[in-house]
Amino acid sequence: MVSISLVLGLVIGGSVSGSAKAAPDTSSWFGSGSAAGPTDAAVPVTTAGFGFAGGAGLLWLNDSDLGRELDAVKRTKATWLRVTIDWNAIETTRNSYNWSTPDRIINAARARGLKVLANVVSSPPWSRPVGSFFTAPPTENADLAAFLKKFIARYGSKVTNYQIWNEPNLPIFFGWTVDAARYTSLLKAAYSAIKSTQWGSTVIAAGLPRSGGWNSPPNFVTAMYNAGAKGSFDALAMHPYVFPGGLYANPENAVTDVPAVRNLMIARGDGAKKIWFTELGAPTGTAADAVSEWEQAKQITDVMSFAVSAGFVGPTFIYSIRDNGPDPADREQNFGAVYKHDWTPKYAAGVLGAA
């Protein structure tokens, strides 16, 4: 077991010894943003590339709007699209599948040369405990394993990257519970099913957002390892949102938890594995913790620069493409980095090259 005191010591005083590259000095990351602000000449990209996390809103778009959003993504030189694979909506009845939504989105993404990260989430009612929230894991892991094999049989080489569930350290995204051991059990079953069907694929664990409490990413990852997660993921995902204060403010340890998790991985023998940033961004609008469009663009490019400086970060994904609603006071409707809901370009559209 790696204690929190050890993690903090590693972040402050150095890194775990070993052959794998350790986390660099965090102070260098805080200085990586441009004081002058973001420009289209200074969008930093890791060697694994960047893309967009479409979110659930992408699932409801008509063909015209979907094409318009993905055309904007393509103009940015992005190479990835994270697509929500809503098992709850696809297999509402056991062994009966409606693939129409993932067909549209995956085919549209691949037609534009975008690699797809399939983010598999949400259990259908027949598979989860009676009365549970749809984000709950299935009662039987074998149900998810069977679904994943059907998914791979349908899409084949169009999809070879999978994130299993999303933000399971937040209660709302895991059936109103936080249970790292239960998540690990689900991850292990998913990994086995995917690898037995598509051995060369990449399986991404978790997608952990910031939290300064008991369910922080370092605590959750420690509990995952203690539950036997080693050997059941190829990379781990984090969501280092830094709004409203920005990179230097390090809200809820959003920045410093990244090297903390990195050093946990090294200590457990997983130093060769990357941490993917499968969500990053900031909301605009009028909510209490919203930021200006200029600041949104700066936070996006600062976190992408932080990823490049780290040296162990895989692809980075901006959440999201377009605001999914018209209400500026609702934070969750205003994460679009390219467009407002009415298709007005945001400041970041020009910075990212989408305008």
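Before I turn to the strands, a word on terms: two strands pair if DSSP finds at least two bridges between them, and helices (H or I, at least four residues) and strands (E, at least two) are DSSP runs, numbered from the N terminus. What you see is a predicted model, in which local features need pLDDT of at least 70 and side-chain atom pairs count only at pLDDT 80 or more, while totals for chains, interfaces and linings use all residues. Residues are numbered from 1 along each chain as its sequence is written, and side-chain values use heavy atoms, with hydrogens and water left out.

The protein chain holds 11 helices and eight strands, and of its 355 residues 57% count as buried, where buried means under 20% relative accessible area with a 1.4 Å probe, protein chains only.

Six of its seven residues are buried, so strand 3 is largely enclosed by the rest of the structure.

Which strands pair with strand 3? On one hand there is strand 2, residues 80-86, which pairs with strand 3 in the parallel sense over seven bridges, and here Val 83 has Ala 118 of strand 3 as its bridge partner. On the other hand there is strand 4, residues 161-164, which runs parallel to strand 3 and is joined to it by four bridges; in this pairing Gln 163 of strand 4 is the bridge partner of Asn 119.

Finally, strand 3, helix 6 (residues 141-155) and strand 4 form a right-handed β-α-β unit, meaning that, with the strands pointing away from the viewer, the path from the first strand over the helix to the second runs clockwise.

Note on methods:
Buried < 20%, exposed > 50% of the residue type's maximum accessible area, 1.4 Å probe, protein only.
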